[in-house]
Amino acid sequence: MCGIVGYIGESPAAPILLDGLSKLEYRGYDSAGIAVYDGEKIQVQKAIGRLKVLSELTHDGAKMPGAAGIGHTRWATHGAPTNNNAHPHFNGDESIAVVHNGIIENYQKLKKYLEGKGYQFVSDTDTEVVAHLLDYYYKGDPIETITKVMHRVEGSYALGIMFKAHPGILYAVRKDSPLIVGHGKDGNLIASDVPAVLKYTRNVYFIQNEEIAVLSEEAISFFNVDGEEIIKEPSTIDWDINAAEKGGYEHFMLKEMYEQPQTVRDTLNPRIKEGAIVIEELGMSDEEIRGIGRIHIVACGSAYHTGVTAKYVFEGMARIPVDVDLASEFRYRNPILADNDLVIIISQSGETADSLAALREAKNRGVKTLGIVNVVGSSIAREADKVMYTWAGPEIAVATTKAYSAQLIAEYLLAIKFAQVRGEITEQDVRAYLKDLQKLPEQIEMLLGNKGKIQHFANRYISAKDVFFVGRGLDHAISMEGSLKLKEISYIHSEAYAAGELKHGTISLIEEGTLVAAVLTQEELYKKTISNIVELTSRGAFVLAVTNTGNTEIEKAADYVIYIPQTNRWFTNSLAIIPLQLFSYYVSVGKGCDVDKPRNLAKSVTVE
C-alpha cells in the first residue's frame, strides 16, 4: 500500500509532487522519493522516514528544478525501508523511472528471467522488475512497451512512468490499484487518491483496469491494453478542499471525529423524502428486495465491524438471514451462494483489494452485488451491480471514525427500507425509526462535547498493557470496533469478546487492575452483562461501562460509567462508539503516538 503522484505542466514539479505526497502520506510513510526531469536527466531524491525528511533534503523541492516528475510515499511490502528500496526505481542507465502502488506477484520469476539477460538489481523490491522490464521491451514506442509489460506482469499495480527519451510526457497505468488523472489549468496530474489533486483541479478521470494514461502539459489521452486509444469522460469532484486539511485540529483523527455529526446528516438527509426512504442510486425494485433469500456482508477491518452490526439489524428488523465474512476469507471458504442472495461489499475507499476480489467472486457466480462505498468512481462502485454512497468526504487519518459512522447509517437505512418493502414493519414504525435517526447528529455532538471527562479517564490508562472490551449482541459489535481503535493507534494489546464467552477461558487473563470496557446498550441484556461485570470485578478488573441514560443499576457493578442518550436499540452503535473513539484517541495522544499515522498501518489496503 503506497501513494503515487505525478505532474507535468508549466510550474516547478517538485513542490507540487511533495504537496501531493503530503495528502497521500496516510497511504504509506516509511520512505518517500521523487524523480524530476531537469532538461538533461531524470534527477532522483529519496529519504527514509516521513515525508518531511524528503522535503528538508530538497528544500521543499527548490533543489530539484524541472516541470515534469513523479513521486512516491511507501508502505513496505518487499524489502525493508532503505534508500535502495525506496521509489522511484530506475532501469540500468537511469533513462526510465517508475513509481508503483501494488504488488507484482510474479516478480521472482521475472527477476530471474531478467538476471539471465544480464540485468542487475539493486533493491529487494518487486517494483524494480517493472523498470528493467520496461527497458527490456523499449524500442522507441512507450505505449507499445507498456502494453508488453502489462501482458507479462501479474498482480496489482498503479504505475507512474517517465522516459528520458520522451521528456514532455508522463505515462500512467493501473490494474486493481487506485489511480486518477487530474486535468488542471497549469498542467496535468496523476495520483492514487483525490486529496492529492484537489488543490490544483476538480476535474478528474477515473482510470479503469488495464488502461493507460498519457499526459503532456496540454493534453491527456487514454489507451487500452492493446494500445488502442479510448475516450473517457471527466468527473467533477465536489469535496470541500478544506476537508483534506486539519483545519486547526491537532490531528486529522480528532477533526474527523468532530465531523461525524455532519457526516451522519449528509448520509442520512438526502435519503429521507416526505417521511420515506429514497435511495435513488440503489436502483433496486421492490420485487428485487422481496426476492432476497440471504444477505452476505463482506468487508475488512472497521467496515467488517459495521457489517456485524448490520447482521443484527437486518435479521432483527427485516427478518433476512445474514452472513458476515471477512473479505480476506470469503473466497477461500468456497461460500454457498444462491441465485436470490445479495452480496453487500462495504469499503471506505472502494479499492480494498480483498473486498474487490470478493465482489468479483460473487459476480462470477452470478449473484447480485451491492457496494457501500465512500469514493465515487472507485473500483467497487463501478463493478458492483448496485451502489450506495456514504457521503463522508475525504478521510485522512488511518484509523477510521467518520467513515465508520457513515457506513452504519447506510446500513440502517437499507435495513429499514428492506423491512418495510418486505412487510416486516409498518409505516408508523418507519416514521419512528427515522425520527430517532435524525436525532443522532445532535446526540453525537453532545457526546463529543463530553471529551474532557473521557480525556481525564484516558490519562489514567496510558501505561495499560492489556485492555478487554466486552458486550452482548450489538454491544459485542461495538466492542470489536472499540478494541480495534485502541490497539491500532495506541499499540496497547486489546481484545473484544462476547461477554458470555469470558468464562470459557479468557477470564483467566483478568488480574488486579486490568481495564475492561463493558458496553451495555441492549436493555434486554442488561442483567446478563451486569452478571459478567461482577465476575470481572471480583477478580480485580476495573470496569468502564458505556450504557444508556437511565441504566443506573450499572453503577453498583462498574467502577466508571459513561452514559449515552436514549435511541432505538438498533442504532445504539452510532452513539456508544463515540466515547470509545475518544478514549482511544486520548490514550494514544498521552503516550505520544502518531495518531494519524500508526506504525505498520496504511489507510486503504490495496494489496492482499
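# Chat notes on a predicted model

User: What is the strand order in the open sheet of five strands?

Analyst: The order is E24-E23-E25-E26-E27, with parallel pairing. Strands here are DSSP runs of E with at least two residues, helices are runs of H or I with at least four, both numbered from the N terminus, and two strands pair if DSSP finds at least two bridges between them. This is a predicted model, where local features need pLDDT of at least 70 and side-chain atom pairs count only at pLDDT 80 or more, while totals for chains, interfaces and linings use all residues. Residues are numbered from 1 along each chain as its sequence is written, and side-chain values use heavy atoms, with hydrogens and water left out.

User: Which strands stand at the edges?

Analyst: E24 (493–498) and E27 (560–564) do; each has a single partner strand, so one side of each lacks a neighbour in the sheet. On average, neighbouring strands of this sheet are turned by 20 degrees against each other, direction ignored. Axes are lines fitted to C-alpha atoms, for helices over the stretch in contact, and angles run from 0 to 180 degrees between N-to-C directions.

User: How many bridges join E23 to E24?

Analyst: Six, and the two strands run parallel. E23 covers residues 466–471. Phenylalanine 469 is opposite alanine 496 in E24.

User: Which helix packs on that sheet?

Analyst: Helix H15 (residues 451–459), which touches E25 (515–520), E26 (542–548) and E27. Contact means heavy atoms within 4.5 Å. The direction of H15 makes about 150 degrees with that of E27.

User: Changing topic. Which residues have the most contacts inside the largest nonpolar core?

Analyst: Met317, Phe418 and Leu437, in a core of 121 residues. A nonpolar core is a set of buried Ala, Val, Leu, Ile, Met, Phe, Trp, Tyr and Cys residues joined through side-chain atoms within 4.5 Å. Buried means under 20% relative accessible area, exposed over 50%, partly exposed in between (1.4 Å probe, protein chains only). Helix H13 (residues 402–421) gives the most to this core, with 12 residues. Apart from it lies another core of 29 residues, including Leu114 and Tyr137.

User: And how do H13 and H14 cross?

Analyst: Their axes come within 10 Å and cross at roughly 170 degrees; H14 covers residues 427–448. That makes H13 roughly antiparallel to H14, given that angles under 35 degrees count as roughly parallel, over 145 as roughly antiparallel, 65 to 115 as roughly perpendicular and the rest as oblique. Among the residues that meet are Tyr412 and Ile416 in H13, with Tyr433 and Leu437 in H14.

User: Is strand E4 buried or exposed?

Analyst: Seven of the seven residues of E4 (residues 68–74) are buried, so the strand is largely enclosed by the rest of the structure. Ala68, Ile70, His72 and Arg74 lie on one side, and Gly69, Gly71 and Thr73 on the other.

User: What pairs with E4?

Analyst: E1 (residues 3–9) pairs with E4 in the antiparallel sense over six bridges. E2 (residues 31–37) is also antiparallel to E4, over seven bridges. Alanine 68 is the bridge partner of isoleucine 8 and stands opposite tyrosine 37.

User: Last one. How many disulfides?

Analyst: Zero, taking a disulfide as a pair of cysteine sulfur atoms within 2.5 Å. The sulfur of cysteine 300 is 18 Å from the closest cysteine sulfur, in cysteine 2, which is too far for a bond. Cysteine 300 is partly exposed at 25% relative accessible area, whereas cysteine 593 is buried at 15%.
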